[in-house]
Amino acid sequence: MVAIHRRPSWTIAESLATPEAAYLNRRSLLQAMGITMASATALAALPGPARAQEADPTADLYPAPKNDRYTLDRDLTPEEFNANYNNFYEYGTQKEIAAAAQQLVVRPWEIAIDGLVEQPMTLAFDDLVRKIPLETRLYRHRCVEAWSMTIPWAGFPLKSLVALAKPLGSAKFVRFETFLDPAMAPGQNSFLYPWPYVEGVTMAEAANDLSFIATGAYDKPIAKQHGAPLRLHLPWKYGFKSIKSIRRISFVEEQPVGLWEAIQPSEYGFWANVNPEVPHPRWSQASERVLHTGERVPTLLFNGYAEEVAGLYAGMDAAKLYM
Ligand code: MTE
């Protein structure tokens, strides 16, 4: 892979990323979240996370070689921040769902591929993850709630999975679905949400090199709270598009309706491309809070990835592209 050396447009001042500031803010955030040394130790002693990770049959795949095209000129969010500040409504509507998410059973895990494909198939995750070479990419992650992180994902480009699926020419969109199992995900007992979680992209978006299936993070298999065993990450879109714990991938002709769009179409649309100039109906999107430093920094068009993706939307009706 050829390394591309250029200064990304979203580079921020180094003063926003000093280790000391990170450390101090980390401590205050963990305190604000009520995570003290004692509870962190108790968390680590839970039967799920640590030991399940050790026993993971894909652990040998990490760390995956780094793809130098996707690096960052700013700090990575420390793992303990990402691991304890999540959106995963299947396990609760608050950010502290890490312990609850350990109920997610990730083996065996099968992914159905269906719809407009040459041959529908079901793939075992442990086979799939060895079919496509893994790589590490440092990506930005911007939530519609106006906070952001940076994450060292490992996984493979979505387009490699699309190639494996062999979609027909008539497919216009890729629709993703999370598991549906209220016994293993208590949040799915709530009738307020139209489970399972669904999201979708156009075939052109799926073919863009930035669209990524993450199977690992922080040099090991992806933690359950991040959407084990595989989740999507679309770094130029608001985070709600990046669906977790995928069970079904369908190639379809009709534009998929995501869970958030189904609930509140006036606030969450299909495209959800990051744009600082288009406010959410209830708050501004002009800036974002960097999670681990607490700093507020300007938000960039397409989350700083305009060069890679702006072409996808040339000539389209701009109004709907950014919500
Ligand atoms: N996928 C599922 N299945 N359920 C969810 O609640 N939340 C979304 C997205 N994918 C969500 C999901 C939202 S709103 C965001 S911001 C990101 O996951 C959060 O990812 P993270 O917890 O790994 O940071």
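Mentor: This is a predicted model. Begin with polar atoms: asparagine 86 has a polar side-chain atom 3.0 Å from an oxygen atom of the ligand. For asparagine 87 it is a polar backbone atom, 3.2 Å from an oxygen atom of the ligand. The side chain of lysine 244 places a polar atom 2.7 Å from an oxygen atom of the ligand.

Trainee: How much of the ligand's area does the protein bury?

Mentor: The ligand taken alone exposes 530 Å², and the protein buries 99% of that. The space that the ligand takes is the second largest pocket.

Trainee: Which residues around the ligand come nearest?

Mentor: There are 16 residues around the ligand, and Tyr89, Glu90, His226, Ser242 and Lys244 come nearest. By class, the shell has six nonpolar, seven polar and three charged residues.

Trainee: Now salt bridges. How many does the structure hold?

Mentor: The general idea is a side-chain nitrogen of Lys or Arg within 4 Å of a carboxyl oxygen of Asp or Glu. The structure holds 18. One of them joins glutamate 135 and arginine 137, with N to O at 2.6 Å. Another pairs arginine 142 with glutamate 288, where the closest N and O atoms are 3.1 Å apart.

Trainee: Is glutamate 135 buried or exposed?

Mentor: Buried means under 20% relative accessible area. Glutamate 135 is at 13%, so it counts as buried. Its partner, arginine 137, is buried too, because its relative accessibility is 0%.

Note on methods: Residues are numbered from 1 along each chain as its sequence is written. This is a predicted model: local features need pLDDT of at least 70, side-chain atom pairs count only at pLDDT 80 or more; totals for chains, interfaces and linings use all residues. Side-chain values use heavy atoms; hydrogens and water are left out. A residue is near a molecule or strand if one of its heavy atoms lies within 4 Å of it. A polar contact is a pair of N or O atoms within 3.5 Å; within protein, one must be able to donate a hydrogen and the other to accept it, and residues adjacent in sequence count only if both atoms are side-chain atoms. Accessible areas come from the Shrake-Rupley method with a 1.4 Å probe; for residues, only the protein chains shown count as cover. On a 1 Å grid over the protein atoms alone, a cavity is a set of points where a 1.4 Å probe fits but cannot get out, and a pocket is an open set with protein on both sides within 12 Å along at least five of seven lines; lining residues have an atom within 4 Å of a point. A molecule sits in a cavity or pocket if more than half of its atoms lie within 2 Å of its grid points. Ala, Val, Leu, Ile, Met, Phe, Trp, Tyr, Cys and Pro count as nonpolar, Asp, Glu, Lys and Arg as charged, and the others, Gly among them, as polar. Buried means under 20% relative accessible area, exposed over 50%, partly exposed in between (1.4 Å probe, protein chains only).
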